Amino acid sequence: MIPITRSFIVIALCLTSQTSAAFTLIGLKGWASTDIQFHVNPQNCPDNLGDLLDEALDIWNAVPTLSVNLSSGSDSAMTIEQVLAGTIDVTPSVHCLTDPAAVNMDPAYIPGAAMGYKMDDAGQITAGALALNVQEGSAANIASIDRKILVSILVHEIGHVLGLGHSADKNAVMYYNAAEKKFASLAQDDVDGMTYLYARNEFGEDPVFGGCAVIGAPQNHPNSWWSILILLLPVFAVRLRPRMVRKAVRSSPR
Ligand SMILES: [Zn+2]
């Protein structure tokens, strides 16, 4: 019985384990702050940019393992040229560019880009900016992009600003071709990458009382129940087998 149970557990763990990480990092670490506010310079930006940005920020905020809280901050008058020159008063900032080629963004292909990074000696990000293409008539102008895809692009660029590089996982929002995602959603690899940079402190303020189980919490992982059922198989096997054997013995011809 014991070898059978062990083999069930090994198979269950194989079926439920994740594939290896595909995410990459911009630098060594993320931002030092756990409260990161994105400051928009509204000049040339579409009226609904604030709503789109909030929607994208909340997709990252919904990851339960993160220590950071992302939000829209106060508007800023700072330009992307000032950011790139290092004259920064608020950061990270968001900019809508009518001439994206001036900062090496190809207006035909690039709807948005993260830039203006600064890092301290410890490898933590101290400044960054998100630039969006609003060049009239350009193929990658954000005004010409479907709303759901645009939110996905914002999620991707916010990921860059926060310190994630590109992922090799085609399902990840951090896959290099963000426009391939037809709607904004995170893959496990995105969650893993961001959690690597901003892991929630399970101990919190109390180093004695650490992590605990929660019941009734929303399930984000679609395979969770299947995983639990598969992991419970050895328990069912152990409990059912003696009954089945007894029943078989009773009904067998003598
Ligand atoms: Zn990218």
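Predicted model: local features only at pLDDT ≥ 70, side-chain atom pairs only at ≥ 80, totals over all residues.
Colleague: Hi! How many residues are in the largest nonpolar core?
Modeller: There are 49 residues in the largest nonpolar core, and Ala56, Val155 and Ile158 have the most contacts inside it.

Colleague: Which helices and strands supply at least two residues each?
Modeller: The helices are H2 (49-61), H3 (80-85), H4 (147-162) and H5 (188-197), and the strands are S1 (35-40), S3 (93-97), S4 (112-119) and S5 (125-133).

Colleague: And which one gives the most?
Modeller: That is H4, with eight residues in this core.

Colleague: Back to Ala56, what does it touch?
Modeller: Leaving out residues up to four places away in sequence, Ala56 touches Val151, Leu154, Val155, Ile158 and Ala184.

Colleague: Changing topic, what is the peptide bond from Thr91 to Pro92 like, cis or trans?
Modeller: That bond is cis, with omega near 0 degrees. Pro92 sits in the loop between H3 and S3.

Colleague: Thanks! What about the phi of Asn44, positive or negative?
Modeller: Asn44 is not a glycine, yet its phi is positive, about 70 degrees. Most residues other than glycine have a negative phi. You will find Asn44 in the loop between S1 and H2.

Colleague: How exposed is Asn44 there?
Modeller: Asn44 is partly exposed, because 15 other C-beta atoms lie within 10 Å.

Colleague: And where is Asn104?
Modeller: Asn104 is in the loop between S3 and S4. Its phi is positive too, about 65 degrees, although Asn104 is not a glycine.

Colleague: Is Asn104 buried or exposed?
Modeller: Asn104 has 10 C-beta neighbours inside 10 Å, so it counts as exposed.

Conventions:
Residues numbered from 1 in each chain as written. Core = buried A, V, L, I, M, F, W, Y, C linked by C-beta atoms within 7 Å. Buried ≥ 20, exposed ≤ 12 C-beta atoms within 10 Å, placed from the backbone. Helix = DSSP H or I, 4+ residues; strand = E, 2+ residues; numbered from the N terminus. Contact = placed C-beta atoms within 7 Å.
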